[in-house]
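Thank you all for making time this morning. I would like to walk you through one model, going slowly enough that you can follow along on your own copy.

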Amino acid sequence: MSGAPVDATNSPAWGRLTSLAEGFAPDLRRWFDEDPGRADRLTFSAADLHVDLSKGLIDGEVLPALLELADQVGLADRRDAMFRGEHINVTEDRAVLHTALRLPPDARLQVDGQDVAAEVHEVLRRVYEFADRVRSGAWTGVTGKRIRTVVNIGIGGSDLGPVMAYEALRPYRQAGLECRFISNIDPTDAATKLAGLDPATTLFIVSSKTFGTLETLTNARLCKAWLLDGLADGDPHLDQQSAVARHFVAVSTALDKVADFGIDPQNAFGFWDWVGGRYSVDSAIGTSLVVAIGPEAFSDLLAGMHAMDEHFRTTPLDRNVPVLMGLLNVWYANFLGAQTHAVLPYSQLLHRFPAYLQQLTMESNGKGVRWDGTPVTTDTGEVFWGEPGTNGQHAFYQLIHQGTRLVPADFIAFAEPAYPLRDGTTDVHELFLANFFAQTQALAFGKTADEVRAEGTAEAIVPARVFTGNRPTASIMAPRLTPSVLGQLIALYEHITFTQGVVWGIDSFDQWGVELGKQLAQQLSPAVSGDTEVAARQDPSTRALIAYYRRHRS
């Protein structure tokens with residue numbers, strides 16, 4: 001699968017879609033009026049998810065053309081190659097096997113001569129045993145006190161996934177055991193996250209595959225110093241080596257560097273080069289989450305991801321939810337001019353989900369070359385963003401409803417609330433979901449000038465109160481937000497991202513675009529510290545900015 005990708009723009013389906021877009025005049029009101037079965041026909045099930053795409057901007061010509069496009073670019077073949085473990089990450093010559101992380105225990109998958117499934121479950125076994133010891137109090141700090149706070153130190157995929165899932169699964173956390181997350185190299189992050197903690201009851205998880213990530217290792221050293229200083233206050237004869245060994249574990253494969261830091265290599269949990277950081281929450285990177293919610297709930301998360309994997313792998317494309325949603329995104333981005341995509345969870349527990357998806361989608365598909373190194377032939381990627389409802393309604397929905405930009409939006413909600421509360425006789429969750437239903441209805445069908453006038457609105461104000469409608473949405477619902485359902489949502493968007501990447505012919509699993517800035521930061525560091533020779537070699541703007549910093553740093 002490492003040959004040249006199909007140029008989608010040369011396919012017959014792309015030509016057909018281009019023609020359809022040129023005369024496209026969506027009219028969701030009319031489409032629903034003329035087709036009473038539209039909602040049923042365009043509503044799908046994927047594991048526990050109920051997905052309504054009927055308010056999308058597709059008709060009886062667009063959807064078949066999108067499915068033809070999927071066929072003509074070889075989407076199903078490349079999907080199958082991924083599941084087989086072929087090296088579809090071409091620029092790094094690696095398999096792409098995040099799906100293997102959630103295979104059931106009795107599964108077998110041979111890739112490059114290794115039984116991948118067996119290796120995955122051996123690491124899971126060790127992570128689960130460790131988590132059980134921390135949760136039960138069998139693992140103690142160097143003073144003998146049980147652990148009360150776990151601090152995960154990581155960045156990017158080593159942070160965003162665990163933070164998102166920890167927040168989303170709040171009802172499943174063990175009482176009396178808190179997780180905190182340090183990611184930013186801004187010292188404020190470490191200072192504020194460590195504030196109020198007792199070193200004797202704090203355990204750190206350093207998550208870095210190479211154990212060389214600048215931000216992660218800097219923060220790990222800060223935390224190590226904080227730990228040793230705090231413990232030494234109560235014990236001037238502290239055995240520092242024992243203290244680090246009891247209060248630090250690692251998620252890394254660089255066992256020599258782990259040992260040099262002072263962490264017992266027996267307390268290092270590995271993962272593989274076929275797991276990209278943004279796809280790794282279900283690997284040992286999720287160790288902090290396992291400690292928080294327990295092995296059983298984490299296993300449910302994995303089972304939910306696997307259920308969505310199986311839907312994506314086995315369901316015909318015309319009923320395959322990740323495929324359909326990915327193709328819709330291509331239609332919006334490449335033919336209707338959408339540049340951003342909103343994800344709007346009507347669940348406060350998912351408040352970090354849009355940020356998680358930003359890395360998943362934008363680091364994967366923000367590419368300017370195809371997987372064979374040739375330039376892309378069309379726009380790629382979208383800016384993903386969002387906030388929980390109803391907060392977003394009071395912030396940016398104005399633009400989505402009445403602005404000049406097309407913003408496709410995914411709305412996510414759950415039938416059962418995590419915390420059922422009442423305001424007198426009012427079920428607050430029902431009030432909340434009334435907004436969920438109302439927003440997609442308003443975006444789809446709008447409000448005409450005549451309807452505004454019928455309310456007695458002054459004629460001069462009528463234009464400002466018209467809603468054009470025909471703003472595309474997808475509605476995703478599930479009975480409740482469980483670990484399994486969260487896993488299904490994560491895997492759903494992984495496979496949406498994959499679908500779009502195949503259409504665009506790009507490698508969705510490398511991330512070379514993050515490297516240059518990191519390299520330059522290392523080169524600039526001496527100038528920031530006062531090296532005038534290094535500063536003099538910089539461009540005038542950067543030189544002046546560093547000079548400003550030097551003048552104002554006390």
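Predicted model: local features only at pLDDT ≥ 70, side-chain atom pairs only at ≥ 80, totals over all residues.

Residues are numbered from 1 along each chain as its sequence is written, and side-chain values use heavy atoms, with hydrogens and water left out.

Let me begin with the sheet. Helices (H or I, at least four residues) and strands (E, at least two) are DSSP runs numbered from the N terminus, and two strands pair if DSSP finds at least two bridges between them. On that basis, 5 strands form an open sheet with parallel pairing, in the order β6-β5-β7-β8-β9, and its edge strands, each pairing on one side only, are β6 (178-182) and β9 (268-269). Strand β5, residues 149-153, pairs with β7, residues 202-207, over 5 bridges in the parallel sense, and the bridge partner of N152 in β7 is I205.

Now to the cores, meaning sets of buried Ala, Val, Leu, Ile, Met, Phe, Trp, Tyr and Cys residues joined through side-chain atoms within 4.5 Å, where buried is under 20% relative accessible area, exposed is over 50% and partly exposed is in between, with a 1.4 Å probe and protein chains only. The largest nonpolar core has 128 residues, and those with the most contacts inside it include W274, F353 and Y493; its largest share, 12 residues, comes from helix α19 (residues 483-504). Apart from this core lies another of 26 residues, among them L194, L228, L231 and A254.

What does F353 contact, leaving aside its neighbours within four places in sequence? With contact taken as heavy atoms within 4.5 Å, its partners are M164, V343, I412, L489, I490 and Y493.

Turning to helix α15 (residues 353-365), we find that 10 of its 13 residues are buried, including F353, Q359 and N365. The buried residues of α15 pack against α7 (160-168), β10 (340-345), β11 (383-385), β12 (409-414) and α19.

Finally, N329 sits in helix α14, residues 321-335, and counts as buried because its relative accessibility is 5%. Not counting residues up to four places away in sequence, N329 touches H341, E382, F384, I496 and Q500.

Methods. Expected span 1.5 Å × (residues − 1).
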